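Let's take a look at a protein chain together, from its overall build down to a pair of rings. Have the picture ready as you read.

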Amino acid sequence: MSSPAQKAGASGRVTDFNNGTYLISFTLFWEGQVSLSVLLIHPSEAASALWRARKQIYNIIIFKGKFVNGTSQVISECGLTLNSTAELCKYPLGRDQKVFYCMKPQHMPCEALTHVSTRNQKLSYLTVKEKLLFRKSNVGVEIMKDPKNIHVSQCNNNERVKEKCQIGMKSPFPSGYTLQGKWITTFCSQIQLDTSKKSGCLKGKLIYLLGDSTMRQWIEYLPKVVKTLKFFNLHGTGKFQKLLLLDAESQTYIQWKKHSYPFVTVEFYSVIDDSYIPQEIDQISGDQNTALVFSFGQHFRAFPMDVFIHRAISIRKAIERLFLRSPGTKVIIKTENIREMHIDSYWFNNFHGYIQYLTMRDIFKDLNVGIIDAWDMTTAYDSNFIHPPATVIANQIDMFFTYIC
């Protein structure tokens, strides 16, 4: 639902009656002219094909490992599974008993692995007829016969005063809407902070941002919000190096670190300081001035669902351990967001992302954590980009400040 003139938008809610019929519900959050749109992203035949194919796609993404020994370099095949009789190097994935493998190069120890990159194989588990379902003209088809324009009259505004947004509150769907480009939550009250108050809120805080490049967008944007934050050179290389923001006078520490395998990129990234989100959480002492935000999912879409589920459960267990030693630590989940419909439409499809989104909400539903619903937000902003624009990032960060300040 949208009103472009008011820079307003909101997600609709779909109820599936499991008999071929659905109920589409929109809440009229603002007054004025609104238009409704309902897209059929995929018919059931396409969804079934994607779900079947996902169970078979361990080898769609090829991992390449770079082994370095002095001046010698060797590139070797790696992966979460390797069908090979050759000697393998094994790299345990933390406590969850999963292993990342590389074929051991001759005359190189396993410890010589320094970098990893990926390539997408030109494989498809879809039939010729199924592929037709993913032509651009068949994806995201408008199913409302006529544009539905509705005029929303002024309401008797006797809305009850909402409690300030707090860690642990249950986030409904839709969790909010955008009006004049600003995200407004429906289930709690956000606080509005100017630059000075945001800077004051960060004083003495340790903030850990863990996850993919949509989480990296936060640490790149934060110096625009709080001018005293400066990047500290950790002498890393490449755009996936660990990033650190410091304000020495205010004793503020903000770190972003990428999650480990699976991490899909054609660029080689260092694995010297690589670790999984559960391992990173286990290294955080935690206290009332420590906040942790994590997000993952985009890189998992091209792997069987059990890889995502195992990682999510491992993260949950790590959070439970964190709360045992430091129940005052603030933990916030940023869900994954929607992305382009027509790029890598088989393996990085929003269908896979939505299944992960629902799964993550279920796995973490009874933990004392805050939710920033990036799926809902990017739908409301009509932001079909893997990396949402600055307006969306700014509103996500504002929600973060509401939780921790």
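Two rings of Phe, Tyr or Trp (for Trp, the six-membered ring) count as an aromatic pair if their centres lie within 6.5 Å. In this predicted model, the structure holds 22 aromatic pairs.

Let's zoom in on one of them. A pair of aromatic rings is described by the distance of the centres and the angle of the planes. The ring centres of W218 and F400 are 5.6 Å apart with the planes at 55°, so this pair is tilted; planes under 30 degrees apart would count as stacked, and over 60 as edge-to-face. The pair also ties together distant parts of the chain, since its members sit 182 residues apart.

Are these two residues buried or exposed? Both count as buried, because their relative accessibility is under the 20% cut-off.

| W218 | α4 (residues 213-225) | 0% |

Elsewhere, F63, F100, Y261, Y276 and F303 come together as one aromatic cluster.

Now zoom out. The protein chain has nine helices and 23 strands. Along the principal axes, the C-alpha atoms fill a box of roughly 75 × 65 × 35 Å.

How much of the chain is buried? Buried residues make up 49% of the 405. Among contacts with a separation of 6 or more, 72% are between residues 24 or more positions apart.

As for charge, there are 47 positive and 34 negative side chains, and the centres of the two sets lie 2 Å apart.

Notes:
Residues are numbered from 1 along each chain as its sequence is written. This is a predicted model: local features need pLDDT of at least 70, side-chain atom pairs count only at pLDDT 80 or more; totals for chains, interfaces and linings use all residues. Side-chain values use heavy atoms; hydrogens and water are left out. Helices (H or I, at least four residues) and strands (E, at least two) are DSSP runs, numbered from the N terminus. Buried means under 20% relative accessible area, exposed over 50%, partly exposed in between (1.4 Å probe, protein chains only). Contact means heavy atoms within 4.5 Å. Lys and Arg count as positive and Asp and Glu as negative; His and the chain ends are not counted. The place of a charge is taken as NZ of Lys, CZ of Arg, CG of Asp or CD of Glu.
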